[in-house]
Amino acid sequence: MALWMAFSVQALASAGQLCRTWCDKATGTAGKLAAAAAGHKKMLCRLPFLVLLVTLAMVNVCVFKTCWAARRIWEDSTAQEIERLQQAASELRAQLDCYQTPDWALQSFGATIDTRRTSPIYELRSWFSRHCFWCSVNPPDTILQPGVSLGECWPMEGQQGQVVIRLRAKIRPSCVTLEHITPEMTPSGTASSAPRDVAVFGLDADSEEEVPLVSFTFDVGEGPTQTFLLKNNHSRAFRYIKVLVKSNWGHPRYTCLYRVQVHGKVVKTEDHRTAESLNG
């Protein structure tokens with residue numbers, strides 16, 4: 001009996017010790033869980049702030065990229081605008097230089113028409129026109145005279161043709177000017193006989209070589225007088241200038257040229273220098 005009582009007391013003591021151990025572990029685990037919960041709570045409180053910081057950073061990056069792209073676009077457009085203005089200023093200076101040189105395609109200056117290399121004149125085909133002794137068509141040298149009134153033109157046959165102008169002396173051509181009456185001056189209110197697509201060439205007297213100088217469109221809506229700069233890259237001198245009309249503004253029978261001007265600087269040959277020295 002005494003032995004059983006001693007064993008019971010020992011068993012109860014062991015059970016109490018085990019309970020205290022479990023209680024201590026449970027308390028420690030609860031403390032850890034409480035600390036972890038508190039940490040998560042702090043993290044949850046900081047999460048909106050972190051999200052705001054990330055959002056602001058992304059917005060700043062987007063704004064920077066947008067501003068950089070806008071700056072590049074502005075720089076490119078500014079460079080293009082500066083280049084366009086420089087080109088316009090260069091063309092304006094060239095046109096001013098052109099106007100300061102004389103018009104060598106004037107009959108009073110000694111210019112003539114090379115009829116051998118010039119298109120035929122438009123022929124009046126009506127019975128009345130053929131039997132009318134006062135009805136006549138202007139010759140090609142009409143384009144070498146300064147008058148530009150209704151009817152003061154040379155009509156070439158068809159929608160295409162050419163005229164070759166022989167100048168008094170060799171020149172380095174810089175620009176050509178074409179003149180035509182305005183559509184309002186015509187009875188029909190149109191300028192269908194005006195040249196449209198035109199090309200200009202420099203010719204040599206001793207050969208058939210044709211040097212292209214410029215190609216352009218004569219726009220009847222841009223005014224009656226239009227000047228076009230020549231691309232004489234080699235600064236060659238010519239005595240013959242060919243004006244080739246590739247198309248007109250719709251007239252099926254003829255194309256009218258009112259006046260052609262050729263500007264440039266004369267080239268002094270040895271004969272000119274000798275004459276000037278003798279006259280001096």
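Reader: What makes Arg117 count as buried?

Author: Arg117 has a relative accessibility of 14%. Buried means under 20% relative accessible area, exposed means over 50%, and partly exposed lies in between (1.4 Å probe, protein chains only). Since 14% falls under that limit, Arg117 counts as buried. Before we go on, note that this is a predicted model: local features need pLDDT of at least 70, side-chain atom pairs count only at pLDDT 80 or more, and totals for chains, interfaces and linings use all residues. Residues are numbered from 1 along each chain as its sequence is written, and side-chain values use heavy atoms, leaving out hydrogens and water.

Reader: Thanks! What do the side chains of Asp114 and Arg117 meet in?

Author: They meet in a salt bridge, with N and O 2.8 Å apart. The term asks for a side-chain nitrogen of Lys or Arg within 4 Å of a carboxyl oxygen of Asp or Glu, so this pair qualifies. Asp114 has a relative accessibility of 14% and therefore counts as buried. Arg117 also lies over the face of Tyr240, 5.0 Å from the ring centre.

Reader: What makes a charge sit over a ring?

Author: NZ of Lys or CZ of Arg must be within 6 Å of the ring centre and within 35 degrees of the ring normal. Another case is Arg168, whose charged end sits over the ring of Phe109, 5.4 Å from its centre.

Reader: How many salt bridges are there by this rule?

Author: The count is 5. One of them joins the side chains of Arg259 and Asp103, at 3.1 Å from N to O. This pair links distant parts of the chain, 156 residues apart: Arg259 is in strand S9 (residues 259–266), and Asp103 is in the loop between helix H1 (2–99) and strand S1 (112–113). Helices (H or I, at least four residues) and strands (E, at least two) are DSSP runs, numbered from the N terminus. Both Arg259 and Asp103 are buried.

Reader: Are Arg236 and Glu209 buried or partly exposed, and how do you know?

Author: Arg236 has a relative accessible area of 27%, so Arg236 is partly exposed. Glu209, at 40%, is partly exposed as well. Salt bridges that share partners also join Asp103, Glu179 and Arg259 into one network. As for Arg236 and Glu209, their side chains meet in a salt bridge of 3.2 Å, N to O.

Reader: How many aromatic pairs does a search of the whole structure find?

Author: The search finds 3. In one of them, Phe216 and Phe228 have ring centres 3.7 Å apart and planes at 10 degrees, so the pair is stacked. Phe216 lies in strand S5 and Phe228 in strand S6, so the pair ties together parts 12 residues apart in sequence. For the rule itself, rings of Phe, Tyr and Trp (its six-membered ring) pair if their centres lie within 6.5 Å; planes under 30 degrees apart are stacked, over 60 edge-to-face, and the rest tilted. Both Phe216 and Phe228 are buried.

Reader: Why does Thr255 count as buried?

Author: Its relative accessibility is 0%, so Thr255 counts as buried. Thr255 lies in strand S8 (residues 254–257). Leaving aside neighbours within four places in sequence, Thr255 is in contact (heavy atoms within 4.5 Å) with residues including Trp154, Met156, Ser193 and Val245.
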